[in-house]
Amino acid sequence: MNFERNEDPYLEGYFLGHTKPVTQVRFSPDGSTIATSSADSTVVLWNLKQPVRCLCFLEHTNCVNGISWSPNTNFIASCSQDGIVNVWEPKEYCICQQFLLNDKPLRSVDFHPIDPVTMVTASDDKSVKLWKMDQKKIITSFASHEGVVRSAKFSPNGQLVASCGDDKSLRIFDIKSGECVWRLTEERGIGRQLAWHPSGNIVAVALSCCHVNVFDLVAQELVQLYQVHSEPVNDLTFHPSGNFLLTGSDDETVKILDLLEGRPMYTFTGHMGGVTAVAFNNDGSRFASAGCDRQLIVWKIQSPPDDLLKQEQSSAELDLADSYEEDVGFKGIFGI
């Protein structure tokens, strides 16, 4: 492992159980369990308090591309290459509800942050679909992409959906009107994954051209561009504080980016193969990474990143959430 500052964070544990690459990682709302999806057609639940115990769900018959853990109910949704979404409670002998939403592969699924029965999916049919689990039907289809849609996620307040994919565009949809309210095209690379800032005013996109782009939706412009990976970036997520970004890449590294200073804060090299999935837990005290080596690695943060930042900064603090009415407070292009 290579740390750019000191010995914090540290590797807390690693888990091996999948037979093919891991496609996505999600912490449970209470942080005690991690769910992983895989190309081996399974979803595995890892109990962090009892590492030798796990549950394996075998309801899918094809590659599971994405998972989502409901923030309001104890349910997990998973989507697969055969166009099916499965929803179940994470316990033994649970009853699984299966929904055939599409005849094309589904790339991502996301629970609404407030309404527990509403979900959004991204598909190879170039569409983003909003659907109700209780009604078992699609209520809106945002069909404006020109290629495979690889990621679609609700904003923190649930009023917007962001999506990205093979047409190299980032699109923002208004749920009530069904309209695309903002679109930006990045010619250099395909959007592989996106993440919403906790404030709901910023979206970050992981690109196949090895870049990470950070967009301000209020100013409607690119405010940061990171050139810190040497291979395509597969996944990314914001720290709950909003001041840091976690990324995973085909270059076999995981990085924590300091958004306020505009530089990599840590680099981790524990994987033997591309890193395909990363996630923070809800309080930011842990993060997880997984990839082509079939490993799930859990990292523990001894001191919150914000505390380390305070120790090193002598200038006044910058609060992203307070900067949107004027300027974003962080801009630039950043390299290794």
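Student: Which strands form the open sheet, and in what order?
Tutor: Four strands, in the order S2-S3-S4-S5. Their pairing is antiparallel. Keep in mind that this is a predicted model.

Student: Which strands stand at the edges?
Tutor: Strand S2 (22-27) and strand S5 (54-57). Each has a single partner strand, so one side of each is left without a neighbour in the sheet.

Student: What does the twist average from one strand to the next?
Tutor: The average is 15°.

Student: How many bridges pair S2 and S3?
Tutor: Five, in the antiparallel sense. S3 covers residues 33-38.

Student: And which residue stands opposite Val 22?
Tutor: Ser 38, in S3.

Student: How much helix and strand is in residues 15-49?
Tutor: That span is 0% helix and 54% strand. Its end C-alpha atoms lie 13 Å apart.

Student: What about 57-89?
Tutor: Residues 57-89 are 0% helix and 52% strand. Here the end C-alpha atoms are 11 Å apart.

Student: Now the cysteines. How many disulfides are there?
Tutor: The count comes to zero.

Student: Is Cys 210 buried or exposed?
Tutor: Buried, because its relative accessibility is 17% and the cut-off for buried is under 20%.

Student: And Cys 164, buried or exposed?
Tutor: Cys 164 counts as buried, at 1% relative accessibility.

Key. Residues are numbered from 1 along each chain as its sequence is written. This is a predicted model: local features need pLDDT of at least 70, side-chain atom pairs count only at pLDDT 80 or more; totals for chains, interfaces and linings use all residues. Side-chain values use heavy atoms; hydrogens and water are left out. Helices (H or I, at least four residues) and strands (E, at least two) are DSSP runs, numbered from the N terminus. Two strands pair if DSSP finds at least two bridges between them. Axes are lines fitted to C-alpha atoms, for helices over the stretch in contact, and angles run from 0 to 180 degrees between N-to-C directions. A disulfide is a pair of cysteine sulfur atoms within 2.5 Å. Buried means under 20% relative accessible area, exposed over 50%, partly exposed in between (1.4 Å probe, protein chains only).
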